[in-house]
Protein chains: 2
Amino acid sequence: MSSERRPLDELFAVLADPTRRAVLEHLVHDGPLTATELADRFPSTRQAIVKHLKLLADADLVTPERSGREVRYRATTERLADVVTWLLGASAGWDRRAERLRAHR
Amino acid sequence: MSSERRPLDELFAVLADPTRRAVLEHLVHDGPLTATELADRFPSTRQAIVKHLKLLADADLVTPERSGREVRYRATTERLADVVTWLLGASAGWDRRAERLRAHR
DNA sequence: ACGAAGTGCAACTATCTGGTTGCACATGAA
DNA sequence: TTCATGTGCAACCAGATAGTTGCACTTCGT
């Protein structure tokens, strides 16, 4: 079993929010960005983005890197593998496609 | 991009709840069960389970099958592939492991 | 030194959600 | 028919959460 449950709860919950997923996508696509820069790309305020980033950071999906007065956030995704692992485990025996995926972990 | 967004929100949100994931696991492991049977396996009431099942059904992760006065729920997981797809897409270029998984979609 | 730009903290609000209880309706068995 | 079992519906509650606004603090450039 991939064991620990609480991180998994956290991961799914964090990824459940569309804004958060979009933030992740931006970070992956455009490289490390600051909260302010990200806020420009969204309808919401900087503070809202900051909150999302904090949650993402708590879940280890993002890591803050300070340089002077600004903080750039970088996407880090070892954690996503945990989610995939659960999904494959959950669907074990369900269908062939899952089996194929599972075989290549 | 990775297709429809709203169902993805729904999927992540539904999977974010530990009870819901546990229900899914029970259904996969023990075969189709009724809400009442499931409720016996959890600390919560039947009604709570019913709500979870409704959400799971809305997300097409479970399908109700009525027979007489009882309704058995069966796990159906084509949808889980969508989640995996997003995860792999999101992590594209991130690390080697993701790449390996991605290659076998 | 001073102002602008960026970040951090806190309070407050509205909404969502997981859970409960209570009761009515439907079905199977004696 | 009668009763137990199972399902369905609705109101209600407490806590979480996404979002806002306002303000204080820090750092860089001129």
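Two strands count as paired if DSSP finds at least two bridges between them. Helices (H or I, at least four residues) and strands (E, at least two) are DSSP runs, numbered from the N terminus. With that in place, here is one pair in chain B. B:Leu33 stands opposite B:Tyr73 in strand 3 of chain B. Strand 1 of chain B, residues 33-34, is joined to strand 3 of that chain by two bridges, and the two run antiparallel.

Some housekeeping. This is a predicted model, in which local features need pLDDT of at least 70 and side-chain atom pairs count only at pLDDT 80 or more, while totals for chains, interfaces and linings use all residues. Residues are numbered from 1 along each chain as its sequence is written, and chains are lettered from A and ligands numbered from 1 in the order in which they are written.

Staying with chain B, strand 2 (residues 62-67) pairs with strand 3 in the antiparallel sense, over six bridges. In this pairing B:Ser67 faces B:Glu70 of strand 3. The two strands form a hairpin with two residues between them, and B:Gly68 in the turn has a positive phi of about 70 degrees.

Now the sheet of chain A. Three strands make an open sheet in the order 1-3-2, with antiparallel pairing. Strand 1 (33-34) and strand 2 (62-67) of chain A stand at the edges with a single partner strand each, so one side of each has no neighbour in the sheet. Strands in a sheet pair through backbone hydrogen bonds, either parallel or antiparallel.

Strand 2 of chain A is joined by six bridges to strand 3, residues 70-75, and these run antiparallel. A:Thr63 has A:Arg74 as its bridge partner in strand 3 of chain A. Strands 2 and 3 of chain A form a hairpin with two residues between them, and A:Gly68 in the turn has a positive phi of about 70 degrees.

Next, the helices. Angles are taken between N-to-C directions and run from 0 to 180 degrees; axes are lines fitted to C-alpha atoms, for helices over the stretch in contact. Two residues are in contact if their C-beta atoms, placed from the backbone, lie within 7 Å. Helix 2 of chain A, residues 18-30, lies across strands 1, 2 and 3 of chain A and runs at about 95 degrees to strand 3. Helix 4 of chain A, residues 46-58, lies across strands 2 and 3, at about 115 degrees to strand 2.

How do helix 2 and helix 4 of chain A pack? Their angle is about 80 degrees and their axes are 10 Å apart. They are therefore roughly perpendicular to each other, a term for angles of 65 to 115 degrees, where under 35 is roughly parallel, over 145 roughly antiparallel and the rest oblique. Helix 2 of chain A brings A:Thr19, A:Arg20, A:Val23 and A:Leu24 to the contact, and helix 4 of chain A brings A:Ile49, A:His52, A:Leu55 and A:Leu56. By class, the contact holds five nonpolar, two polar and one charged. Here Ala, Val, Leu, Ile, Met, Phe, Trp, Tyr, Cys and Pro count as nonpolar, Asp, Glu, Lys and Arg as charged, and the others, Gly among them, as polar.

In chain B, helix 2 (residues 18-30) and helix 4 pack at an angle of about 80 degrees, with axes 10 Å apart. That makes these two helices of chain B roughly perpendicular.

On to the DNA. A residue is near a strand if its C-beta atom, placed from the backbone, lies within 6 Å of it. DNA strand C is surrounded by 20 residues, the closest being A:Thr34, A:Thr36, B:Ala48, B:Gly68 and B:Arg69. Helix 4 of chain B supplies the largest share of this surface, five residues. The surface near DNA strand C divides into five nonpolar, nine polar and six charged residues.

DNA strand D has 19 residues around it, and A:Ala48, A:Gly68, A:Arg69, B:Thr34 and B:Thr36 are the closest. The classes near DNA strand D are five nonpolar, nine polar and five charged.

One last item. Most residues other than glycine have a negative phi. A:Asp60 has a positive phi, near 60 degrees, and is found in the loop between helix 4 and strand 2 of chain A.
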